[in-house]
Amino acid sequence: MHGDESTATMALLDIFNFLSADDNFNKLRKQILSELTIYFIPMLNPDGAEKFKRRNGLDIDLNRDALRLQFPESQILKTVRDTLKPKFAFNLHDQNTRYSTGNSYQSATISFLAPAFNYKKDINEVRGNTMKLIVNLFEELKKFIPGHIAKYNDDFEPRAFGDNFIKWVTSSVLIESGGWKNDEEKQFIRKLNFISILTGLNSITNKLYVNADIDVYKSIPFNDNLIFDVLLRNLKIKYKNKEYTIDVGINKEEINTKDYSKAYYEGKVEDWGDLSIFYGYLDLDLIGSEIKESKIYKITKMNLKNIDTKKLLKEGYGFIEVDSLDKNLEFTDMPFNIIQKGAKVDLVPGYKKYANFTIWKNNKLIYNVINGYVYDTSGEIFKKHNGLIFR
Ligand SMILES: [Zn+2]
């Protein structure tokens with residue numbers, strides 16, 4: 001139902017392939033297919049999915065339309081539920097990739113929830129069965145990602161579908177795909193999703209959930225919000241002739257190009273100061289190092305292809321200024337930001353600004369941070385990431 005939450009859609013296609021395959025899992029698939037009747041809605045919000053955005057065509061969050069049921073997508077979902085009256089449902093979403101498993105440095109890669117059906121968060125049979133099924137999923141997934149499984153906020157949301165499914169007496173399991181280090185395209189998380197759904201189908205087929213212990217569900221830690229994409233600790237910064245120590249937290253947001261054909265990342269300083277309670281997917285203690293501005297390298301458009309990337313990175317350049325620029329260019333595949341001559345660019349590192357700066361230790365450049373990507377200048381091979389355009 002959320003157009004930019006596509007991990008489970010991929011996993012459902014994997015489930016289709018699994019169910020139609022012919023291999024040494026034949027016993028399991030035959031059992032599932034003979035015992036259960038399964039219906040799938042692989043994509044409830046195609047207009048949102050087309051633009052990789054959460055909301056539908058009118059920018060309505062469909063997960064707040066379960067009461068009014070005004071929008072065609074919501075009406076389809078409600079009609080399907082009321083027609084089929086399923087005993088179980090899987091409500092599939094993606095959550096913030098920066099959620100942590102409780103107060104820990106470990107990302108909440110998969111989070112589950114048996115949604116509440118009232119503000120008191122009572123547990124009836126429908127919700128209890130949801131919890132029990134989740135216990136089976138949790139115990140299976142624990143073999144693959146111990147410490148990376150959490151529970152989504154269980155506050156009652158009267159307008160959400162998951163909560164109402166429980167009210168409408170369908171045990172609905174919320175599965176949220178979160179973050180995993182260096183899995184931006186979520187292809188590992190897709191597998192975890194596949195395992196979760198298949199484990200669920202097996203549990204329902206063989207009634208394994210019946211004997212599960214609800215206390216195990218209760219013991220799953222809640223999501224917390226303690227992770228940055230990058231956390232640079234204990235950097236010195238000079239301000240008005242005084243020196244301070246700060247941690248810098250950087251997050252990278254995925255941005256669609258105007259025609260939705262490509263995506264790129266924008267890295268910003270999300271927060272800075274004392275961030276000692278937080279963690280980073282990339283987490284560096286840079287004690288004794290100092291943060292400084294990066295530099296602009298000026299050339300003409302003609303020789304942009306001939307620049308020595310490695311040399312410029314090692315010399316602390318973060319920007320390349322060119323005379324003229326293709327006016328349709330929205331980002332660059334180069335590791336540098338590109339400035340069109342005459343454009344004003346703020347080079348001073350700062351809160352909520354683009355993360356472009358250099359890091360020095362004993363007067364030696366050790367890291368060049370460009371658009372939130374951290375280039376180790378002692379390295380010989382640089383994985384290229386995208387830069388931004390300033391015009
Ligand atoms: Zn969602």
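Biologist: In β10, what is the bridge partner of Phe-228?
Modeller: Gly-280 is the bridge partner of Phe-228 in β10. This is a predicted model, and the bridge belongs to a parallel pairing of β7 (residues 227-239) with β10 (residues 279-292).

Biologist: How many bridges join β7 to β10?
Modeller: There are 8 bridges between β7 and β10.

Biologist: And β7 with β8, parallel or antiparallel?
Modeller: β7 and β8 (residues 242-256) run antiparallel, joined by 8 bridges. One of the pairs there puts Leu-235 with Ile-246 of β8. The two strands form a hairpin with 2 residues between them. Lys-240, in the turn, has a positive phi of about 50°.

Biologist: Switching to the open sheet. What is the strand order?
Modeller: The order is β11-β12-β14-β18-β13, 5 strands with mixed pairing.

Biologist: Which strands stand at the edges?
Modeller: β11 (295-298) and β13 (331-332) do. Each has a single partner strand, so one side of each has no neighbour in the sheet. For β13, there is an antiparallel pairing with β18 (residues 387-390) over 2 bridges. Phe-331 stands opposite Leu-388 of β18.

Biologist: What does Phe-112 touch?
Modeller: Leaving out residues up to four places away in sequence, Phe-112 touches Ile-134, Leu-137, Phe-138, Lys-151, Tyr-152, Val-173, Leu-174, Ile-175 and Ile-220.

Biologist: In what sense do β1 and β5 pair?
Modeller: β1 and β5 pair in the parallel sense, over 7 bridges. Ser-172 in β5 is the bridge partner of Ala-89.

Biologist: Helices next. At what angle do α2 and α7 pack?
Modeller: α2 (residues 26-35) and α7 pack at about 65°, and their axes are 10 Å apart. The crossing is left-handed.

Biologist: Which residues make the contact of α2 and α7?
Modeller: Leu-28, Gln-31, Ile-32 and Glu-35 come from α2, and Leu-201, Asn-202 and Thr-205 from α7. By class, the contact has 3 nonpolar, 3 polar and 1 charged residue.

Biologist: Last topic, the whole chain. How many helices and strands?
Modeller: The chain has 9 helices and 18 strands. Along its principal axes the C-alpha trace spans about 70 × 45 × 40 Å. Of the 391 residues, 38% are buried.

Biologist: What share of contacts comes from residues 24 or more positions apart?
Modeller: Such pairs account for 71% of the contacts with a separation of 6 or more.

Technical notes:
Residues are numbered from 1 along each chain as its sequence is written. This is a predicted model: local features need pLDDT of at least 70, side-chain atom pairs count only at pLDDT 80 or more; totals for chains, interfaces and linings use all residues. Two residues are in contact if their C-beta atoms, placed from the backbone, lie within 7 Å. Two strands pair if DSSP finds at least two bridges between them. Helices (H or I, at least four residues) and strands (E, at least two) are DSSP runs, numbered from the N terminus. Axes are lines fitted to C-alpha atoms, for helices over the stretch in contact, and angles run from 0 to 180 degrees between N-to-C directions. A crossing is left-handed if the near helix is turned anticlockwise from the far one by less than a right angle, and right-handed if clockwise. Ala, Val, Leu, Ile, Met, Phe, Trp, Tyr, Cys and Pro count as nonpolar, Asp, Glu, Lys and Arg as charged, and the others, Gly among them, as polar. A residue is buried if 20 or more other C-beta atoms lie within 10 Å of its own, exposed if 12 or fewer, and partly exposed in between; C-beta atoms are placed from the backbone.
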